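Work through the exercises below with the structure in view. Each task is followed by a solution in steps.

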Amino acid sequence: MIDQFLRNPWRVIWQAATSDLVLVVLLLGIAAGLTIAAGLPQMPEANGDPVDYARWRSEIQARFGNATPTMQTLGLFAVTGSLIFRALLALLAGCLLLRLVECGDRLQRHQEISEPTGEWHALADVELPEVLDDVRGRRYRVLSDAPLFQADRWPWAELFPLLAHGGALLFLGGLLISNLWGWQIEGLTLQSSERVTLPKSQGWIALDESAASAAHGPGLVAFFEERGPGVQVAAISNAGRSLALQQAAEADPVTQLSLALTEDQYLAIPEAQLIVRLTPHPDHTVEAHSPVRVQIYRSPPGRLMTETVIEGDAELPIDDVTLRLTSKPYAKLTVTFNPGRWVTGAGLVLLLIGVLGSAAWPVRRFWLREEVQHVAGNGDLLSTLGQSVET
Amino acid sequence: MPATAVSVFVGLACGALVAGAGLALWYCYRQVPGIPRAVHVIRWVAGALLIVGALEWWRGGHNPSAPVLQLILMATLAAPPGVNGRSLAHRSHVLLILPALVLAGTGLFWISAPVETGTVNGPIAPVGLAVTVCGGLGARAAGLVLSEVATSGPHVEWPSTAAFALLTLIAGSAALVNVWQHGTVWVGTGSESGLAGAWLAWAAAWAGRRQPPWLRAGLTIVAAVSLIVLAAGYPILQNAG
């Protein structure tokens, strides 16, 4: 081995890098990382919601107690973002690239008949023409260079590993692209017919009137996390004048308020001394057009004046004020920009075809040779031929 | 432990598997004719008892958070003899029964887990069921490689190939759906990472299938354990409550 290395070090390195064993070690390392990530609560993204971060911190403290700092030092709560995990992915990509080159070379090399390197075994009770017919019937390709016959599954059996390696590389490339240039905004709440420009001018997104679908700028993907009821509120005096509405004491008065009922919502009509409470009806599942409970209080003294449940648009007269409520459902969205989406998808499709094809149609090559008194076999013999090997 | 119909069926199946393993061991020392056939029949009976137990558990509206259904279904797949059963050495049967026995025994233990009040079992979740089937095939593959190493028996590849192919389909289609719907492969759930981890472990076992038998067995067992743990924790019932 050392002699071989000294004679041709690059060849030895190439063979080691493309060996099954190296691939196995890398795959197991990454699998271990992902299994740990699945079992332990992982740290939310650094620029994410502080509430999520606080929730994660309290969860790990409660679950692991005094072991938490040690586990955190070991990086068990940030596995996929760790240097080791990324290094393993990079090494896997390198290994796959070299193996892809080798797969391509093998596909080309095995186009023609090759000389076997293994040991020949005498096969008892085997008639060569019958065996060759049987092998052809099993969709093997048979090449002959009398007296030598080679049976294999070229080109498909060699093509599937090529597809699997190429697909895996594309997949990793797609992940890299999305990691470098992609971004995601979670929990973006929009009300029907609302259009917003995303932070840092990263595009725009607009919800349709019924909050059923969203239009967005190019390259974005919007996923609906939840839908719920929302209301646009206006208060009109008997004189037909719009009254000012306030959501908080320090908020600027406005004549129209749009409220997404993600939770209980309150608003005040100071001129009429009214407080309005809006909540999704607790007896219904929360949907875009589910009923809304409206409670109106006189303030002071905080006495409930009226309570009703509305569905869709409604007008509620209270004393000399008419409350106009227009249904404006909301949707909570996750918006993703992933420039590597198509690369990842194409990689996944190729990987699936390659792996499933390899499982159904694995590489198998064997040679048969007509000898004076018997037939000899070499290579990965079919099980029927394997039973005929003379010991 | 409450004497429910489920525990009776699963308990009987465990007993049958223990008896089958005992008979197979006994046959190694005293070759009484008829024992191999009895072991075969016992393994089929255990499989039938387990499937009845699984159906009873599903029908009965038991605690859906306990992994009983997954464990029993995996044991059901691992228990019956395979098409190659007769060609294997008799010692092999002990090792082939072992995964099913461990899974059924663990399921029996979980049956006694406290029942959540007000829970109703919903319909079966297709992905959860497919992952469970993978786990069962993985358990079969683990038993076969164990017997291959211990008895130098023939190498039977179909359970590990089937488990890997099915797992590839599940993980690949889940990732494709995520890419299509969410725009990204990872949505951030633990089950996704677990599925990817189990797939990579099987991919490692698949890549190492030309390695020496002991290494191949080690890789298959690691992959099977990761898959069984994943399947046991994967939700198999849609919540109808």
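**Exercise 1.** At roughly what angle do the axes of helix α5 and helix α8 of chain B cross, and within what distance do they come?

Solution. The model is a predicted one. Step one: locate α5 at residues 126-151 and α8 at residues 213-233 of chain B. Step two: their axes cross at roughly 155° and come within 8 Å. Step three: angles over 145 degrees count as roughly antiparallel, so α5(B) and α8(B) are roughly antiparallel to each other. Step four: the crossing of α5(B) and α8(B) is left-handed. Step five: the residues that meet include B:G135, B:G138 and B:A142 in α5(B), and B:A217, B:T220 and B:A224 in α8(B). By class, this contact has 18 nonpolar, 4 polar and 2 charged residues.

**Exercise 2.** Describe how helices α1 and α2 of chain B pack.

Solution. Step one: α1 covers residues 5-29 and α2 covers residues 35-59 of chain B. Step two: they pack at an angle of about 165°, and their axes are 8 Å apart. Step three: α1(B) and α2(B) are therefore roughly antiparallel. Step four: their crossing is left-handed. The contact of α1(B) with α2(B) has 24 nonpolar, 2 polar and 2 charged residues.

**Exercise 3.** Give the strand order of the open sheet of 3 strands in chain A, and find its edges.

Solution. Step one: the order is β4-β17-β8, with antiparallel pairing. Step two: β4 (183-191) and β8 (220-228) of chain A each pair on one side only, making them the edge strands. Step three: neighbouring strands of this sheet are turned by 20° against each other on average, direction ignored. Step four: β8(A) pairs with β17 (residues 330-337) of chain A over 8 bridges. A:V221 stands opposite A:T336 in β17(A).

Methods:
Residues are numbered from 1 along each chain as its sequence is written. Chains are lettered from A and ligands numbered from 1 in the order in which they are written. This is a predicted model: local features need pLDDT of at least 70, side-chain atom pairs count only at pLDDT 80 or more; totals for chains, interfaces and linings use all residues. Axes are lines fitted to C-alpha atoms, for helices over the stretch in contact, and angles run from 0 to 180 degrees between N-to-C directions. Helices (H or I, at least four residues) and strands (E, at least two) are DSSP runs, numbered from the N terminus. Angles under 35 degrees count as roughly parallel, over 145 as roughly antiparallel, 65 to 115 as roughly perpendicular and the rest as oblique. A crossing is left-handed if the near helix is turned anticlockwise from the far one by less than a right angle, and right-handed if clockwise. Ala, Val, Leu, Ile, Met, Phe, Trp, Tyr, Cys and Pro count as nonpolar, Asp, Glu, Lys and Arg as charged, and the others, Gly among them, as polar. Two strands pair if DSSP finds at least two bridges between them. Two residues are in contact if their C-beta atoms, placed from the backbone, lie within 7 Å.
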